[in-house]
Amino acid sequence: MGVPPFSPSAVFTEWGLPPLLFVLVVWATGLYLFGVWRLHDRGDRWPVGRTLAFVVGGMGSFFFATSSGVAAYDTTLLSVHMVQHMILTMVVPLFCALGAPVTLALRTLPRRPRGWLLAVLHSRVAKVLSFPPLTLALYVISPWALYFSGWYDATLRSDLLHELMHVHLVLVGALFFTPILGIDPVPGRVNHTFRLLLLLLSLPFHAFLGVTIMGQSRLIGGSWYPSLHASMPWLPDPYADQHLAGGILWGSGDLIGIVLFGVLFAQWVRSSMQEARREDRRLDRLERLARNGEVAGPSNGQQSGPGHASRATRPSGDTPAGR
C-alpha cells in the first residue's frame with residue numbers, strides 16, 4: 001500500500017469512500033433534507049442558514065475529512081491526521097449544532113417517533129450525558145486516552161476501528177458543543193456566562209496536549225510510521241512529523257477557539273436583543289392595559305353610582321326587612 005508524495009493538491013485529488021462513513025453521511029444528509037422538504041410542503045418555514053450549516057458545514061466537512069486526501073494520508077502522516085482530528089472534533093460538531101437537527105426532527109416526525117425522541121431527550125441517561133462538567137471531562141480526556149494508550153495504534157491496523165474512531169471524535173465533540181453553541185432543546189443547556197466559562201476551560205487543553213506531543217520522545221503509533229518508509233521513501237522523519245502534528249493541534253485549537261467565541265458572542269447578543277424586544281412588548285401591553293383601565297374606570301363608576309345611590313335612598317319599608 002502506498003500513496004504519492006503529499007502536497008496540497010493531493011488533498012483534492014486522492015479521494016476514497018469508506019463504506020460505513022459514506023453511508024452515514026448519505027443517511028444523515030438525506031433525512032435532514034427530507035425534513036426540510038416536509039416543512040416547506042406544508043407551508044412552514046425553515047431558515048436556509050440552518051440547512052447550509054448542517055448539510056454543507058457539518059456533513060460536508062465530515063465527508064471532506066473522511067473521504068478526501070486528508071483521509072488518504074491520515075494513516076501515513078500524523079500531521080495530516082491532526083488536521084482531520086480538529087475538523088472532526090470541533091468544526092463538524094459546531095456546524096451540526098447550528099443546523100438544529102433535533103428541532104427539525106421534533107417539527108417533522110410523526111406523533112409516535114416524536115414521542116420516542118422526547119422520551120430520550122427527557123431521560124436520565126440524556127441528562128447525565130449532557131451534564132456540562134461531564135461533557136467537558138470527556139472532551140478533554142478523550143484525546144489523551146486516544147494518543148497515549150494502545151487505542152490509536154489499534155485504529156491504524158484496523159479499518160473498522162479507524163472509522164469508528166472518526167465517529168467517536170464527532171460524538172464527543174457534539175456532546176460538548178451542542179448544549180453550548182447549539183439551538184436545539186437538549187438537556188445540559190446553561191446560561192451564556194457558564195457557556196463562556198466552559199469554552200475558556202476547554203481551550204488550554206489543546207495547547208497543553210500539542211506541546212506534550214511535540215516534546216514526546218516516544219512515537220505515537222509505535223512502529224507504524226517508521227515501517228512505512230520502505231514503501232514510501234518520501235515520508236519525512238517520524239519525529240519531525242510528530243513535532244509538526246503537535247504544533248498543528250496547538251495552533252488550530254486556538255484559531256478555531258476564536259471562531260467559537262465569535263459564534264457564542266453573536267448568539268449572546270442576539271439573545272439579549274430578543275429578550276429586550278420581549279420586555280418592550282410586555283411593557284407596551286401593560287401600558288395599554290393601564291390606559292384602558294383609566295378609560296373604563298369612570299364609565300363603570302358612572303353606571304354603578306346611581307344604582308348604589310338608589311339603594312342607599314330606598315325607604316326601609318320597601319325592603320323585605322321593612323315588610
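**Figure 1. Helix α6 and its buried residues.** In helix α6, which spans residues 101–108, the residues V102, T103, L104, L106 and T108 are buried, where buried means under 20% relative accessible area, exposed means over 50%, and partly exposed lies in between (1.4 Å probe, protein chains only). These buried residues of α6 pack against α2 (19–41), α3 (48–67) and α7 (111–121), and a contact here means heavy atoms within 4.5 Å. Helices (H or I, at least four residues) and strands (E, at least two) are DSSP runs, numbered from the N terminus. The model is a predicted one, in which local features need pLDDT of at least 70 and side-chain atom pairs count only at pLDDT 80 or more, while totals for chains, interfaces and linings use all residues. Residues are numbered from 1 along each chain as its sequence is written, and side-chain values use heavy atoms, with hydrogens and water left out.

**Figure 2. The loop residue A100.** A100 is found in the loop between α5 (78–98) and α6, and A100 has a positive phi of about 50 degrees although it is not a glycine. Most residues other than glycine have a negative phi. With a relative accessibility of 0%, A100 counts as buried.

**Figure 3. The salt bridge of R42 and D44.** The structure holds one salt bridge, a term that stands for a side-chain nitrogen of Lys or Arg within 4 Å of a carboxyl oxygen of Asp or Glu. The side chains that meet in this way are those of R42 and D44, at 2.6 Å from N to O. R42 is partly exposed, with a relative accessible area of 44%, and D44, at 28% relative accessibility, also counts as partly exposed.

**Figure 4. A patch of positive charge on the surface.** R277, R281, R285 and R288 gather in a patch of positive charge on the surface. Patches are made of residues with over 30% relative accessible area and no salt bridge, and like charges are joined within 9 Å. Lys and Arg count as positive, and the place of a charge is taken as CZ in the case of Arg.

**Figure 5. The protein as a whole, as background to the close-up views.** The secondary structure comes to 14 helices and zero strands. Buried residues make up 38% of the 323 residues in the protein.

Terms used: Patches are made of residues with over 30% relative accessible area and no salt bridge: like charges are joined within 9 Å, nonpolar side chains (Val, Leu, Ile, Met, Phe, Trp, Tyr) within 5 Å. Accessible areas come from the Shrake-Rupley method with a 1.4 Å probe; for residues, only the protein chains shown count as cover.
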